[in-house]
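Please look at the sequence and the model shown here. The paragraphs below go through a few parts of it in turn.

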Amino acid sequence: MSTDDHDQSTDAHGHEHEEVSGPGYPTPAAMRTESEREKTAFVMSLRVGMDVDGPDFVGVVDVDPTSDTYAELIDTVEMPNKGDELHHFGWNTCSSSCHAEGLTRDHLIVPGQRSSRIHILDAADPRNPEIEHVIEPEEVFEYDLSAPHTVHCVPEGKIVISMLGNADGELPGGFLQLDQDDFSIDGHWEADRGAMEMNYDYWYQPRHGVMISSEWAAPETYYPGFDLEDVEAGKYGDSIHIWDWETKEHRDTLTFGEEGLIPLEVRMPHNPEETEGYVGAALSSNILRFWEDADGHWDWETVIEIEDREHPDWDMPVPGLVTDLLLSLDDQYLFFSNWLHGDVRMYDVSDTGNPRLVDQVWAGGNFGDRQTVGGHDIRGAPQMLQLSRDGRRLYWTTSLFSTWDNQFYPEMGEEGSLMLKADVYPEEGRMELDEEFVVDFGDAPGGPARAHEIRWPGGDCTSDVWQ
């Protein structure tokens with residue numbers, strides 16, 4: 001599956017790096033080996049459900065070790081309204097359009113999960129991003145959609161956002177499409193929603209004309225917090241959906257049942273030749289592999305299982321709660337977080353159907369011995385992940401969702417969350433917590449905040465797709 005194999009190189013597909021005229025890189029290997037080290041990070045930062053009465057913001061963190069402000073929050077772009085719950089965000093364009101003339105990766109699309117407001121930030125200067133335009137909720141509700149989540153640029157000069165609910169916060173969800181030129185709303189991306197009701201994350205492989213989407217629940221279900229009775233009532237997802245990328249029609253549903261309750265993040269290989277991938281089932285605490293066979297049929301299997309653990313303060317066994325996962329740009333390593341247990345894991349997935357655990361780091365959570373780092377209490381546990389492009393530094397934040405944070409780690413609602421880092425040694429297959437790197441969002445200007453998704457200027461392994 002490695003994108004560094006010669007037969008998956010630029011030569012195999014007629015690409016030459018010198019010919020690239022648009023944003024991004026012609027291959028994942030080019031991004032991994034030719035890009036500069038990350039120097040700044042954009043971090044979603046929210047104050048919903050906090051003791052602080054203030055707006056959410058996009059934080060700019062200095063991650064350049066040669067800088068005098070290393071590991072500091074050096075800028076904040078506050079949203080014009082309160083209550084957005086900034087969550088996931090993405091770029092106006094990426095490596096899927098690397099041969100398109102006239103496009104530049106210079107704008108961030110920043111949705112509010114709770115407000116359905118979509119902010120467009122000019123991020124051409126990564127140390128000084130500015131709000132350029134705001135799409136108000138009423139404009140989104142006109143298409144009977146709400147609760148924006150995953151943002152991906154797509155090759156046709158468009159931006160597609162997964163939407164988790166209708167205008168009333170109920171089911172079904174769908175997909176909203178924006179134009180890359182003026183960020184106007186085109187309408188629904190999907191031509192035929194088929195059997196899909198719940199939505200969450202998605203990934204696409206344009207070379208094979210396929211998109212895979214996952215499920216969380218209706219906004220009215222997960223907004224108030226987690227209730228096990230909602231799971232028993234079938235209000236949470238257990239399936240992924242197969243879409244025809246060309247016709248935008250729903251083609252198939254893979255239902256996991258008890259093995260795949262609440263399948264959240266979807267990751268397919270960066271190698272555009274592959275038609276397989278992984279999804280993390282949060283509540284079942286499993287990693288599921290899905291693939292397309294030679295006959296065009298899709299199938300799945302459970303490849304990693306995280307055992308529940310007994311805890312004296314819980315009246316039920318504690319699931320790991322797999323909340324985020326990613327693949328390195330060479331597709332060799334899979335990383336994922338167990339938010340309730342408190343660890344982040346590293347697996348070698350060279351043999352895609354037989355992942356091999358090579359290392360894990362404990363930091364916070366309900367079972368980890370390490371509850372402080374650099375003199376700061378770890379509030380929460382590893383959650384949203386981002387890997388450096390060269391695969392040598394893994395960063396994470398510790399907040400999941402405001403109401404869920406307040407249930408399981410209530411101290412975050414008072415003191416904010418953290419951003420941490422581990423050094424990764426891919427040649428050795430190991431990680432080591434960097435105890436010198438900690439960004440405490442409890443010290444954010446204007447009061448504590450929850451840190452969530454991370455993006456690099458210039459692209460990263462969870463935002464870029466290749467053709």
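The model is predicted, so local features need pLDDT of at least 70 and side-chain atom pairs count only at pLDDT 80 or more, while totals for chains, interfaces and linings use all residues. Residues are numbered from 1 along each chain as its sequence is written, and side-chain values use heavy atoms, with hydrogens and water left out.

Begin with the sheets. Helices (H or I, at least four residues) and strands (E, at least two) are DSSP runs, numbered from the N terminus. Two strands pair if DSSP finds at least two bridges between them. Strand E2 (residues 57–62) is joined to E3 by five bridges, and the two run antiparallel. Val58 stands opposite Val77 in E3.

Another open sheet is formed by four strands in the order E8-E9-E10-E11, again with antiparallel pairing. Its edges are strand E8 (146–154) and strand E11 (185–188), and each of these pairs on one side only. Neighbouring strands in this sheet are turned by 25° against each other on average, direction ignored. Between E8 and strand E9 (residues 158–165) there are six bridges, in the antiparallel sense. His152 stands opposite Val160 in E9.

A disulfide is a covalent bond between the sulfur atoms of two cysteines; here the criterion is a pair of cysteine sulfur atoms within 2.5 Å. In the bond between Cys94 and Cys153 the S to S distance is 2.4 Å, and a search of the whole structure finds one disulfide. Cys94 is buried, at 0% relative accessibility, and Cys153 is buried at 2%. Buried means under 20% relative accessible area, exposed over 50%, and partly exposed in between, with a 1.4 Å probe and protein chains only.

Next come the cores. A nonpolar core is a set of buried Ala, Val, Leu, Ile, Met, Phe, Trp, Tyr and Cys residues joined through side-chain atoms within 4.5 Å. The largest has 27 residues, and those touching the most other members are Trp216, Tyr222, Phe226, Tyr236, Ile262, Trp339 and Trp404. Leaving out residues up to four places away in sequence, Phe226 touches Val231, Tyr236, Ile262, Leu283, Trp404, Gln407 and Phe408; contact means heavy atoms within 4.5 Å. Another core, of 26 residues, lies apart from it and includes Leu326, Phe335, Val361 and Val424.

Last, consider Ser239, which lies in strand E14 (residues 239–244). Ser239 is buried, at 5% relative accessibility. Beyond four places in sequence, the residues touched by Ser239 include Ser214, Glu215, Thr253 and Pro263. The side chains of Ser239 and Asp238 are joined by a polar contact of 2.9 Å. A polar contact is a pair of N or O atoms within 3.5 Å; within protein, one must be able to donate a hydrogen and the other to accept it, and residues adjacent in sequence count only if both atoms are side-chain atoms.

How values were computed: Axes are lines fitted to C-alpha atoms, for helices over the stretch in contact, and angles run from 0 to 180 degrees between N-to-C directions.
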